[in-house]
Amino acid sequence: MKIITAICSAVIWGSGQFINKQRLKGLVFFLIQGILIFAELSTGTLDVLTGVAEPAFRNCGFFTKGLWGLMTLGEIPRESSATLVYDHSLMLLIGGIISTVVLLLFVLVWMWNIRDAYRSRAKIEQGETISSIEYVKNLWKNSFEYIMITPGALLVLFISVIPVLTSIAVAFTNYNRNTIPPLNLVDWTGFKTFTDMIRIPIWGSTFVRVFTWNVVWAFLATFTAYGFGLLTAVLINAKGIRFKVMWRGIYILPWAVPGMVSLLIFRLLFNREGAFNQLLLGAGIINEAIPFFSDTNWARTVLILVNMWLGFPFFMALISGVMTSISPELYEAVDIDGGTGWHKFRYISLPTILTATSPMLVMSVTNNFNNFGAVYFLTGGGPLNPKYQMAGTTDLLISWIFKLTLTQRMYNIAAAVSILIFIIIATISGFNLMRTRAFKED
């Protein structure tokens, strides 16, 4: 009887619950199946079945057309502006991903419906009394947390996950400036984009060089800001320093000013005709203007220094808060044992600070790895280098993707690089975070 109940629910949702005399629950599952069928019929399938529309997959309902579009990416390009029937590959791709995700959600409900009917029947055969009202109460009591986070999870699914899935899918197509829909149809190409990045020397060398600088930048940008913030916090919190609130207020200003504004100002200051060059030339320190943005080494140095200036106030405030939580008795014990200020910092302050701030340090490395704003608004990715394919010597992978997408329209290459960035960042961040003491203690 349990198998029969499950089969009934598999065919007509909720019918197994009706057999088990759980009418309210069965009605809910039946209505969900009705929504699924209505959504499919009302969006085109009914017109195809009744002969109103031409019998073609592109004219069918939401789910049928979505799956067809995801597999084929269209069959008819728009040959001219007068063409009435044509397929837009990108829209079909996005629609196919959305319809697939929604259909998977319905499949999960369908499986839940079958499993519930089977388990409920097993309890009945064991002599237990069940009711829909009692089931709802137990579900609310035992799964309250999951019920409350479900709306947010669905929102994240459609706002974040689906765009990510679309970007991943584009990497396996030939979607670029030579195949722009709807004039051209996009085709699935498998791993050709990834193999081209390895097989074609200019693409491979550009990726390796940009990636190498990206890694160096991420660590230097993070640890220079962290180191300067640590130094500032230690000095401000040292004994004998007066007007600590004033000093904290002064040093927090670079963080209070919007980063984009600061970057644009620094861009003007470091320009060949900017204030720094004019000041050095006027003082006779240099004989010609320093090429801050036209020389690779100078451009990278300026980028790191400016980022340090913008980032250290955050770490200063964070570390200052950690230092105020350290018990004074620990420092007094060091004084009793004849220790110096260095011993206090080395064996008490520094371990406490690193334990409390290491997760944020890891997150900062990840954030700097994708710090698009600093590069775009300060150096623009320059200076240019003929050995790089559509990238400058200060470009990060994220700014290179920006150029590939909006300037060069190499969407498939940009999507492939995005996937590689995700794999690299997820691996490094996850590995480092799991090794931190704060994570282990948690």
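Leaving aside its neighbours within four places in sequence, with which residues is Thr166 in contact? I looked this up and found Leu93, Ile94 and Ile97, where contact means heavy atoms within 4.5 Å. Thr166 lies in helix H7; helices are DSSP runs of H or I with at least four residues, numbered from the N terminus. I recorded Thr166 as buried because its relative accessibility is 12%, and buried means under 20% relative accessible area, exposed over 50%, and partly exposed in between, with a 1.4 Å probe and protein chains only.

**Basis of the entries**

I note that this is a predicted model, in which local features need pLDDT of at least 70 and side-chain atom pairs count only at pLDDT 80 or more, while totals for chains, interfaces and linings use all residues. Residues are numbered from 1 along each chain as its sequence is written, and side-chain values use heavy atoms, with hydrogens and water left out.

**Cysteines**

I looked for disulfides, that is, pairs of cysteine sulfur atoms within 2.5 Å, and the count was zero.

**Nonpolar cores**

I next looked up the nonpolar cores, which are sets of buried Ala, Val, Leu, Ile, Met, Phe, Trp, Tyr and Cys residues joined through side-chain atoms within 4.5 Å. The largest core has 37 residues, of which Leu397, Trp400 and Val417 touch the most other members. H5, H7, H8, H9, H15, H17 and H18 each supply at least two residues of this core. H18 (411-435) gives the largest share, ten residues. A second, separate core has 19 residues, including Trp217, Phe270, Phe292 and Val375.

I then followed Leu397. Apart from its neighbours within four places in sequence, Leu397 is in contact with Phe207, Val210, Phe211, Asn214, Phe369, Val417 and Ile421.

**Cavity**

How many cavities of 30 Å³ or more does a search of the whole structure find? I found one. On a 1 Å grid over the protein atoms alone, a cavity is a set of points where a 1.4 Å probe fits but cannot get out, whereas a pocket is an open set with protein on both sides within 12 Å along at least five of seven lines; lining residues have an atom within 4 Å of a point. Grid points are joined across faces, edges and corners, and a volume is the space filled by probe spheres set on the points.

The largest cavity has a volume of about 40 Å³. Among its lining residues are Leu73, Leu93, Val170 and Tyr175. Helix H5 (residues 89-125) gives the most to this lining, with three residues.

The largest pocket has a volume of about 1,100 Å³. It is lined by 29 residues, and the closest to its centre are Trp112, Arg115, Tyr135, Leu139 and Ser143. I noted that H5 gives the most to this lining, with eleven residues.

The second largest pocket holds about 490 Å³ of space. Of its 15 lining residues, Asn237, Ala238, Lys239, Met323 and Tyr331 lie nearest its centre. Helix H13 (296-324), helix H14 (328-336) and H15 each supply at least two residues of this lining.
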